[in-house]
Amino acid sequence: MNKEFKRYRELLQRYFWPQRMQVSLLIGLILLDNALQLFGPNLLSRFVDLAVDTTTTSTQLQTIAGVYLITMIFRQGASMAATYVGETAGWRAANRLRADLARHTIALDMSYHKQQTPGIMIERIDGDVASLNRFFSQMVLQIGGSIILLLSTVGVMFYYNWKLGVMMLMFIMLSALILTTLRNVAVPYWEAGREAAAQLFSFLEERLAGIEDIRGLGSSAHVLKRLDVLMATKNRYDILGHVYGGVTWIVPLALAAILTILILGFGSWLYLAGQISIGLIVMTLLYGEMVVWPIRAIAQEIDKLQQASAGILRVVDLMSKKSRLVDGTEALSAVVPAVTFDHVTFAYPDGESVEAPVLTDVSFHIPAGAVVGLLGRTGSGKSTLIRLLFRLYDVTSGAIKIGDHALPEYQLAALRSRVGLVTQDVQLFYATVRDNLTFFNRAISDDKLIDALRTLGLERWLSQQPQGLDTVLAANGAVSAGEAQLIALARVYLKQPQVIILDEASARIDPETEKMLEVALDTVLAGKTTIIIAHRLQTVRRCDYIAILADGQLQEFGGEADLRNTFESRYATLLRSGAVEELA
Amino acid sequence: MKTTAPLTMIWRMMRQGGWWYVINLTVVVVLLLVELLPGLINRQVLNDLQSKQQMSIPWLLLAALLGITLTRVVMWFALSYTNPKTRVRSENVMRHSLLSRIFQQPAVAALKGSPGEIVSRFRDDIGELPHVVLQLNDIIALVCFAAVSFYVMYQISAPATISIAAPLVLIVVGARFAYNRIYIYRQERRRATGRVVGFIAETFGAIQAVQVAGAEQHVLEHFDELNQIREKATLREVLFDGLLDAMFRNAVSLGTAIMMYMVYKQAMAGEFRAGDVSFFVYSLGAISELLGELGIFIGRQQQLRVSIQRLENIGHGLPAEQLFDDSSFPSQMPLPRLATLSVRNLAVQWANGNYGVRGVDLDLAPGRLVVITGAVGAGKTTLLRAVLGMLPRAEGDIVWNGEKITNPDLQLLPPAVAYTSQVPRLFSDSIVENITQGRVVAESEMDEAIHGAVMEYDIAQFEHGVSTMVGSRGVRLSGGQIQRAAFARMLYERPQVWLIDDVSSALDVLTEKKLWERFISIRAEVACLIVSHRPQVMSMANEVIVLKNGEIAARGSYAELLESGVLSH
C-alpha cells in the first residue's frame with residue numbers, strides 16, 4: 001500500500017510539476033477570490049451602520065456603493081480566472097497522461113488485450129484519467145478553497161465579536177458532522193440506477209446492432225417488451241435515487257435556514273445588550289448563507305476524492321503492467337527468409353496461471369519463398385500458430401525462427417512490419433476507407449491506395465463509395481464479408497512484407513472472385529514466404545508444402561504433390577473424403 | 001418533413017406527465033411562495049430592532065421561521081419525488097415509440113448511424129428533453145416569487161426597485177445570445193469527446209489488427225490530435241461558462257450596488273432600514289436565479305430543436321410529437337399455408353441510382369430449393385434482403401399463393417418465413433433465450449433444432465448446456481458456433497420458407513458436410529432460398545441462379561450450368 005502510495009505521488013508529481021506556475025497562480029487567485037467574497041457583506045454592514053450614524057455624509061455612502069460594485073466585479077474575475085487556470089492545468093496534465101497511457105497500453109501483448117473489452121479500455125484511458133483531473137480540481141478548488149473560506153469567515157466573525165465567532169464555529173463543526181454522516185445515503189441507489197441504466201442501454205445497443213436478426217426472427221415485439229421491463233427498473237432507481245439524493249441538498253438548505261434563525265435570535269440579544277451594531281447582524285446573516293455550501297462541498301468531495309484516488313490507482317496499476325514480450329535488437333534484412341518451427345509448445349497464459357497447451361511439439365521448416373498450406377479442424381491450433389509467428393505471444397517452449405534468428409531476438413516493430421497477415425475476422429474501423437487502409441498513416445499517398453485497390457479488384461467497389469476514399473465505413477452493412485477480406489489483403493499489399501500469412505482468406509469469397517484474387521495473390525505473394533490457412537482444401541492448390549494439425553500436434557508435413565500421391569496420407573484421405581469435388 | 005416545434009414538444013410532454021405534472025407545478029409554486037416568508041420575517045425583525053420597537057428577543061417570529069423551515073423541508077422532498085415521476089413518463093414513451101418506429105423500417109436501412117450513436121440519442125436527447133418541462137415549472141414559480149418580491153420592494157423604495165429592474169432585463173437579453181453560443185461550444189466539446197472515446201474503442205477493439213500492421217505510432221499520433229481538439233473545445237466552454245455565470249452573479253452585486261446608490265438618502269432619513277437592505281439582497285438572490293433559469297431555458301430552445309431533429313432523424317422523419325401517440329407494435333399478419341411463393345421483376349435501387357438487383361424472377365414452393373450464387377458484390381445478399389422486405393423494393397412484387405405481399409415487415413416473419421444472415425448476431429443471453437427469442441420453450445423441438453444445426457456436441461461440452469450465457473454478441477462462442485446457433489434459431493420455428501445467407505462460411509469441411517446432410521431430411525416440406533457457393537448445396541438445388549452485377553446471368557440445374565460452362569468446379 002505504501003509502495004502504491006509512493007507511485008501515486010510520483011504520478012501526480014510527474015504530471016503536475018510542469019504546471020507548477022499555473023498551480024501557484026491558481027492558489028493566489030483562490031485566496032483573492034475568498035477575500036473579496038468576504039469583503040462584500042462587510043461593506044453592506046458598514047453601509048447600514050453609517051446610514052444610522054448622524055455624522056455620515058452622503059459621499060461616504062456613495063463611495064461604499066462604488067467600492068462594493070468594483071469589489072464584486074473583481075471577485076467574479078478572480079473566480080473565473082481560478083476556474084480557467086485550474087481546468088487548463090488539469091486538462092494539460094490529463095491529456096499528457098492519456099497519451100502516455102495509450103502509448104503504454106497499445107504495446108501490451110494480446111494476453112492482456114484478450115481480457116479487455118473496448119468499453120473497459122475507454123474506462124481505463126479516458127474515465128480513470130479524468131479522475132486525475134478531478135482529483136486536482138477538487139482537491140485544490142473545492143476542498144482547499146472551501147477550507148480557506150470557512151477559516152477566514154470564522155476569523156472575521158471573531159474579529160468583530162467573539163461570541164458570534166464561537167457560535168459560527170460550533171455551527172460549522174456540527175454541520176460538518178451531520179453532512180458527513182448523511183453524505184452517502186443515496187449512493188447505493190445511485191449505483192443501482194447507473195447499473196440499471198447501463199443494462200438498459202447495452203441492451204438497446206446490442207438489439208440495434210442486431211436489427212437484421214431481430215427482423216428476421218420477428219421478435220421486435222418481444223424486444224420492446226423487454227425494453228419496457230428494463231425501463232421500469234431504471235425508473236424505480238431513478239426515483240429512489242432522487243428522493244434519497246434530495247438529502248444532499250435539502251439538509252444543507254435546512255441547516256442554512258436554522259443558522260438564520262440562530263443568528264437572528266442570538267444577534268438580537270447581543271444587539272439589545274448593546275454589544276453589536278445592526279449592520280453586523282446583516283453581515284452575519286449574509287455570511288451564514290455563505291458557509292453552508294463549502295461545508296457540504298467538503299463532505300461530498302472527500303468521497304469523490306476517494307473515487308478519484310481509486311481511478312488514479314488503477315492508472316498506476318495499468319502503467320506498471322509490463323508486456324510479456326521483451327523487445328529484441330536484431331533488424332530484419334530485406335531478404336526473403338525461411339521460417340522454422342522448432343519443437344514449439346504453447347499454452348495461453350491465463351492471468352498468472354497457464355492453461356492446457358494448445359500446441360505440442362510442433363516442428364517443420366519452410367524454405368525461403370515457399371508456400372505452405374496449413375490444414376486442420378476448428379480448434380486444432382492453426383490460428384494460434386499464426387499468432388505465435390507474429391509474436392502476439394511468446395512460445396512456452398521450443399523456438400520459431402525467421403531466417404537465422406529466433407523471434408524474440410528481433411525488434412518487435414521490425415518483425416511486424418516485415419510479416420503481413422490477413423485474419424479470419426477482418427477488423428474494420430468506423431473510419432474512412434483511407435484510414436482503414438493506412439491505419440492513419442498520413443504518409444501513404446492516395447495514388448498508392450488506389451493502386452492497391454485496383455490490384456485487388458476493388459476498383460469498382462471504390463467507385464461505388466459515395467465519397468471515394470473519404471467514405472466512412474460503417475461497422476455493419478456497407479462492406480460485405482468478402483469485400484472486407486479483400487480490404488485486408490489490400491492492407492497487406494500496401495505493407496509489402498517478406499512473409500505473408502493468409503488465415504482463411506478465402507472463406508467468404510465466392511469462386512469467381514477467388515479466381516480474380518488468385519491473380520492478385522500471384523502479384524502479392526510472388527517470391528514471399530507464405531503460410532495459407534484454409535478450412536477449404538481448394539485454397540491449398542497453390543501450396544508447395546502441406547502441414548496438417550490435429551489437436552495441437554503436427555500430424556503430417558510434406559510436399560503437396562508427394563502427399564497427394566501417397567494413398568494412405570492424411571491429406572490424400574481428406575481429398576477423397578468428400579471435399580474432393582471442391583478440389584477437382 | 002416538418003420538424004416538431006419545441007413548444008409543441010413541451011406541451012406533449014406536459015400532457016404525458018398527467019396528474020404528476022399538475023402536482024409538480026403546484027408544489028413548486030407553493031414552495032417558492034413559502035420561500036418568500038423568511039425574507040419578510042427577517043426584514044420585520046431587523047427593522048423592529050433598529051427602530052427600537054422590539055425590545056426583547058422576538059421569540060414568536062423565530063418560532064414561525066422554524067415552522068416555515070419544516071414546511072420547506074417537506075415540500076423539497078415532495079419535489080424530489082414528483083420531479084422524476086413526471087419526467088420518466090415522457091422518457092419511457094419516447095424510447096418505446098422510437099425503438100418501435102426503427103423496428104418498423106426496412107431492417108437494412110433502419111439504422112441512421114452506428115448503433116452506439118443511436119443509443120447516445122436514446123440516452124441523452126430523450127433523457128434531456130423532459131427536463132425542460134420541469135424547468136418551465138421552476139420558471140413559473142420563480143416568476144410568481146419575483147412578482148411578489150418586486151411588489152414588496154416597490155413599496156419600500158419605488159425608485160430603487162425600478163432602477164434595479166432595468167439592467168436585469170438587459171442581462172436576460174444578453175443571456176439569450178450567450179446561451180446560443182454556449183450550446184454550440186457544448187456540442188463541439190461533446191463531439192470532440194465522442195471522437196476520443198470512439199477512437200479508443202475502435203483502436204482497442206481492433207488492437208490485434210493495429211499490432212499486426214505495426215501501426216501503433218500512427219494510431220497514437222491520431223489519438224493525440226483528437227485529444228488536443230477536445231482540450232481546446234473543453235477549455236473554451238469552461239471559459240464561456242464562467243463568463244456567463246459571472247454575469248448572473250454580478251446581477252445580484254449590480255442590483256445591490258444600485259440599491260445603495262438609490263436609497264442612501266432614504267437610509268439617512270431612517271426610512272430604509274437594516275431589514276430592508278436584507279430583504280433586497282434576499283430577493284435579488286432568488287431573482288438572479290430566475291434570470292439564470294430563464295437564460296438556460298431560452299438557450300435550450302435551440303438545443304431542444306436540435307434534439308428533436310436528431311430524434312426525428314433516427315426515427316426516419318416521424319414527427320417527434322407523434323412519439324406520444326399510441327406506439328404499440330403492429331401485430332403480425334398471418335399468412336395461409338404456402339403453396340407457391342413467387343418473386344417477380346424484383347429491383348433494388350441505391351441512393352446513387354445504381355441498381356443493387358434488377359429484374360429478378362424466381363419461384364419457391366414447399367420442398368423446392370433454389371440456390372443463389374455469384375461474385376462478391378453481385379447482389380446475392382441484397383436479393384435475399386429485398387425478398388424479405390429488409391430493403392425497400394424499387395420495383396417488383398413478392399407473391400404468396402397468388403396474393404401480393406403488401407407489408408413484408410409484418411407478413412414475412414416466423415412462423416411463415418425464417419432467415420439467417422451472413423454474419424448472424426447473438427445477444428448476451430443464454431443459448432435458449434437466443435434460440436427461442438421469448439417464445440415458448442419446447443424441449444423436443446429445441447433438441448431437433450440443435451441437432452439440425454450440428455451443435456449437439458458443442459452443447460454437451462458446455463458446462464451449463466443450453467443455459468450457457470453466450471456473452472456480449474456471443475463472444476464466448478467461436479465463429480462457427482455462432483453461425484450454427486443462428487442456424488438452430490432459424491430451424492426452431494419450423495417455418496415454411498427458409499432464407500439462408502451463406503451460413504457455413506466459418507465451418508470446417510466435415511461439420512459443414514454434416515450440416516447439409518442433416519438438412520436434406522429436415523427441409524423436405526420447406527421452401528428454401530440459399531446463398532451459397534458450395535457444390536454440395538448447389539447439387540441439391542432444384543434451380544441455381546447465377547447473379548452478375550445484380551442481374552440474373554444464368555439459371556438452371558447445377559449440372560446444366562456446369563455443362564454450359566457458366567459454373568466451373
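Student: Which residue in β9(B) is the bridge partner of G374(B)?
Tutor: L547(B) is the bridge partner of G374(B). Keep in mind that this is a predicted model.

Student: Which strands of chain B pair there, and in what sense?
Tutor: Strand β3 of chain B, residues 369–374, pairs with strand β9 of chain B, residues 543–548. The pairing is in the parallel sense and covers five bridges.

Student: And β9(B) with β10(B), parallel or antiparallel?
Tutor: Antiparallel, over five bridges. Within that pair, V546(B) stands opposite A554(B) in β10(B).

Student: How many residues lie between β9(B) and β10(B)?
Tutor: Two residues, and the two strands form a hairpin. In the turn, N549(B) has a positive phi of about 45°.

Student: What is the strand order of the open sheet in chain B?
Tutor: The order is β6-β7-β8-β3-β9-β10 in chain B, six strands with mixed pairing. At the edges stand β6 (417–420) and β10 (551–556) of chain B. Each of these two has a single partner strand, so one side of each lacks a neighbour in the sheet.

Student: By how many degrees are neighbouring strands of this sheet turned against each other?
Tutor: By 15° on average, with direction ignored.

Student: How many bridges join β6(B) to strand β7 of chain B?
Tutor: Four, in the parallel sense, with β7 of chain B spanning residues 497–501. One bridge in this pair joins Y419(B) to L499(B) of β7(B).

Student: Which of these strands does helix α13 of chain B touch?
Tutor: Helix α13 of chain B, residues 479–492, packs on the sheet and touches β6 and β7 of chain B. The direction of the helix makes about 175° with that of β6(B).

Student: Switching to chain A. How many residues of strand β8 of chain A are buried?
Tutor: Five of its five residues are buried, and the strand, residues 529–533, is mostly covered. T529(A), I531(A) and I533(A) point one way from β8(A), while T530(A) and I532(A) point the other way.

Student: Which strands of chain A pair with β8(A)?
Tutor: Strand β3 of chain A, residues 371–375, pairs with β8(A) in the parallel sense over four bridges. Strand β7 of chain A, residues 499–503, also pairs with β8(A) in the parallel sense, over five bridges.

Student: What are the bridge partners in β8(A) of G373(A) and V371(A)?
Tutor: G373(A) has I532(A) as its partner, and V371(A) has T530(A).

Student: Why is β3(A) largely enclosed by the rest of the structure?
Tutor: Five of the five residues of β3(A) are buried, so the strand is largely enclosed. V371(A), G373(A) and L375(A) point one way from β3(A), and V372(A) and L374(A) point the other.

Student: How many bridges join β3(A) to strand β9 of chain A?
Tutor: Four, in the parallel sense, with β9 of chain A running over residues 545–550. In β9(A), I548(A) lies opposite L375(A).

Student: Now the two chains together. How many residues of chain B are in contact with chain A?
Tutor: 132 residues of chain B are in contact with 127 residues of chain A. Helix α6 of chain B, residues 216–268, gives the most to the chain B side, with 29 residues.

Student: What is that side made of, by class?
Tutor: The side of chain B that touches chain A has 72 nonpolar, 44 polar and 16 charged residues.

Student: Which domains does chain B have?
Tutor: The domain assignment gives domain 1 (6–178 + 269–324) and domain 2 (341–563). Their C-alpha centres lie 55 Å apart. Five residues of domain 1 of chain B are in contact with six residues of domain 2 of chain B. The domain 1 side of that contact has four nonpolar residues, one polar and no charged.

Student: How many helices and strands does chain B have?
Tutor: Chain B has 16 helices and ten strands. The radius of gyration of chain B is 34 Å, well over the 25 Å that the globule rule gives for 569 residues, so chain B is more spread out than a compact globule. Along the principal axes, the C-alpha atoms of chain B fill a box of roughly 115 × 50 × 50 Å.

Student: What share of chain B counts as buried?
Tutor: Of the 569 residues of chain B, 47% do.

Definitions and conventions: Residues numbered from 1 in each chain as written. Chains lettered and ligands numbered in written order. Predicted model: local features only at pLDDT ≥ 70, side-chain atom pairs only at ≥ 80, totals over all residues. Domains from an automatic or database assignment. Contact = placed C-beta atoms within 7 Å. Nonpolar A, V, L, I, M, F, W, Y, C, P; charged D, E, K, R; others polar. Rg over C-alpha atoms; globule rule 2.2 N^0.38 Å. Buried ≥ 20, exposed ≤ 12 C-beta atoms within 10 Å, placed from the backbone. Pairing = 2+ DSSP bridges. Axes fitted to C-alpha atoms, helices over the stretch in contact; angles between N-to-C directions.
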